[in-house]
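This report is meant to be read with the sequence and the coordinates open side by side.

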Amino acid sequence: MDAEITLRVDGTERQLTVDTRMSLLDALRESLGVTSPKKGCDHGQCGACTVLLDGRRAVSCLALAVAHDGAEVVTAEGLVDGEQLHPLQSAFIEHDGFQCGYCTPGQICSAAGMLEEAEAGWPSWVTEDLDANGVILDDEEIRERMSGNLCRCAAYANIVPAIAEVAR
Amino acid sequence: MSVSVTPHAIGESLDRLEGPLKVRGAATYAFEWPVDDRAYMYPLQAEIAAGRITGVDSANAVAVDGVLAVLTHENAPQLADAGDAEIAALHSPEVAFRGQLVGALIAETAEIARDAAGLVRFEYEQRAHAVEMKADSDDLAKPDEAAQFGAGGGELQNGEPADTELGDLDGALAAAAIELDQTYTTPMHNHNPLEPHAGIAVWDEEEGLTLHCSSQGVHMVRMQLAGAFGLDPSRIRVISPHVGGGFGSKVYPCSYLTLATMAAKAVPGRPVKFALTRQQMFSLVGYRPPTSQRIRLGADESGRLTAISHEIVQQTARVKGYAEQIGACTRTMYAAPNRRTTHRLDPLDVAVPTIMRGPGEASGVFALESAIDEMALACGMDPVEFRLRNEPEAHPESGLPFSSRHQVECLREGAMRFGWQQRDPAPRLRREGDWMVGEGIAATVYPSPRLPGSAASIRLGADGRYAVRIGAADIGTGTWTTLTQIAADALEVGVEVIDLEIGDTALPPASSAGFSSGINCWGTSICAAAEQLRAKLYPEHGGAVPVDGLEVTAEMPDNPDMANYEMYSFGAQFAEVHVHADTRELRVPRLVGVFDVGRVINPKTARSQLLGGMTQGISMALFEDSVVDPRFGHVVNHDFAGYHVAANADVQTIEAH
């Protein structure tokens, strides 16, 4: 069964027909040719497909496209402002926060969403004081909040300082 | 012939040149090339561990709207050479392991292909199977496979012999003042690169096969597929400029590429997209084989080793042997006049194992270094001091000198940086809350080999830019950046005028990205080409570029010193380990490594390689374990929920020097 939906992807409105079994990730990659989000596991276990969905980070492989008619999707490509990379993107390059690069767009979208969550005062599992005003994003907080994004090349030791530089 | 290069760009921490593409997700991986009129393939896998297919019913699948073809052994194209079980697919009804490819569904969309794949029914005649490795199996056999990699003529995949023996081991063990006899086991591990094994295959009756696939060596893929299909290699083009991780699983072309080629032939002219699922990767792209390793050591009263024995049993497949160099580190690391290493295989009804990051060395050094630690304790010595005392002056087996060996410096500097001297060796002495705290050390070694078959071409255009071309691979190792740095210095120009091209069989041949040999083989080829180009440009053309440009191609020159020296990298790693007093959960909050790796082309990318390897070491030691169900022969924990690889919070302080 097919359905007509509209998505706003990286600032551009796109109309498309999707198989109702199609994930948001496959709709982006296969129907719209937006290949910035990657498919690593298709089960929400690796985070490579992370996008900002209506402003919050989400694994797009666990979202059915048809359920997100009218949604706003921002990928790592959409974080670029003209030719100017997002500060997280520049920091990932400077700190060598990736090797093969396949998890990277997901890491960067996840980090962007995570910074907003911390800004809004959302606690994590390692937040000691739940009543404190605001979250201090130390390395332990960053590691915890970024653990939904696997990096098999294991660039974690470089990802944490890259994010920390932007967070502080 | 030797080539000398004055370093300018070499040694600089240049940011990755493809970095701006990768951080936006704009680097094109195999599955992402824009193609029109595409079809999708979904593989079908055997549901038994051993036996044969006795019937196929694909009628329900064929009837689904949008299904283009169902391929099984009954209708698949005949292979010209089905002799290699890792490459052949659908050539017979035999099932050698659970998860083996038995068919393919080709359809208009990925959703239709996957849905209809579930409608194909196979009937099987099962036979008894064995999928659990046993160190005392009656089937144990000495490896007799030809080496896949490496120049030696031995039976292990790197060309080393299966067995080595020096002196009188049994006599020395019997006479030893202190003796150790321990057995260590390692489980099956899966590579799990984040990018699945995926791509796009197009068959054109005139031009042949164009294959975008995620590969650590495009020329290897072309050669193997040409052999399997009886095609002239010139009719196959393999393209793979960006690889989303491989760790060995994308070196040898596996049967899924054969299947993709068959699928492309079934719908000529249409690009067929294929991607293994994470679950399928646990049975179709190789794995690190489980091992059982018995180590016996003998020492005199001063803590000097007199005997070293390492007897290895590793799993392999009945359909094709694979034997890795698990004893290699033991042959290299410590001095002792009496020594023995043996490798034996337990062939099972399983998929063929393959190389995985540090194949052999990774499993073997774990056992060796564990034994050395236990022996140090038995001798009443500090583990660092024990290693220093048993440092060899030359290679302990070949007797050749090392080209360089700074193991002692690595151990001493590591001990200083880590604060090893402050450690109290008594067990269970320190606790932090519920955690018991201890420290450990392991030495490490890896060869610096060369593989044959690389060449590079350089074309200098009238615009003053240099096109440097070689079919090499960047699997995250930094090849795009480091080969550009090498080319710039070899040509004595800046990196900004170098246009590197890699990852395409349209380029000169290159050895695969394996064995940690790429930068050596490809870089040397580029240096040789640069020297030829400069010789042409200056004496012949007086430094002026002709209007048509200048082009040279050079093969990798021999390094005659390789016959006279043993060439290795060395290192020492120091770990702080926490063990939970109640649950026995393990954590590694601090890991410090000091390495002697020879000339570093790019400190930034090299450091990332070391940090990545160390982190994968934590992951291997603490988390990774592929659990096979003996009743059915499949990996039970075949996804990232069940097979945990180190996540961000699993890694705390980690330093590489």
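The model is predicted, so local features are reported at pLDDT of at least 70 and side-chain atom pairs count only at pLDDT 80 or more, while totals for chains, interfaces and linings use all residues. Residues are numbered from 1 along each chain as its sequence is written, and chains are lettered from A and ligands numbered from 1 in the order in which they are written.

**Helix H3 of chain A**

Helices (H or I, at least four residues) and strands (E, at least two) are DSSP runs numbered from the N terminus. Helix H3 of chain A covers residues 104–119, and its end C-alpha atoms are 22 Å apart, in agreement with the 22 Å that its 16 residues should span at 1.5 Å a residue, where the expected span is 1.5 Å times one less than the number of residues. Twelve of the 16 residues of H3(A) are buried, so the helix is largely enclosed by the rest of the structure; a residue is buried if 20 or more other C-beta atoms, placed from the backbone, lie within 10 Å of its own, exposed if 12 or fewer, and partly exposed in between. Among the buried residues are A:Thr104, A:Cys109, A:Met114 and A:Ala118. The buried residues of H3(A) pack against elements of chain A, including strand E3 (50–53) and helix H5 (156–167), together with helix H1 (19–24) of chain B. H3(A) is followed by A:Gly121, whose phi is positive, near 85°.

**The pair H2(A) and H5(A)**

The axes of H2(A) and H5(A), which are lines fitted to C-alpha atoms over the stretch in contact, come within 8 Å and cross at roughly 140°. That makes H2(A) oblique to H5(A), since angles under 35 degrees count as roughly parallel, over 145 as roughly antiparallel, 65 to 115 as roughly perpendicular and the rest as oblique. The contact (C-beta atoms within 7 Å) is made by A:Pro87, A:Leu88, A:Ala91 and A:Phe92 of H2(A) and by A:Ala162, A:Ile163, A:Glu165 and A:Val166 of H5(A).

Most residues other than glycine have a negative phi.

Key
Contact = placed C-beta atoms within 7 Å. Axes fitted to C-alpha atoms, helices over the stretch in contact; angles between N-to-C directions.
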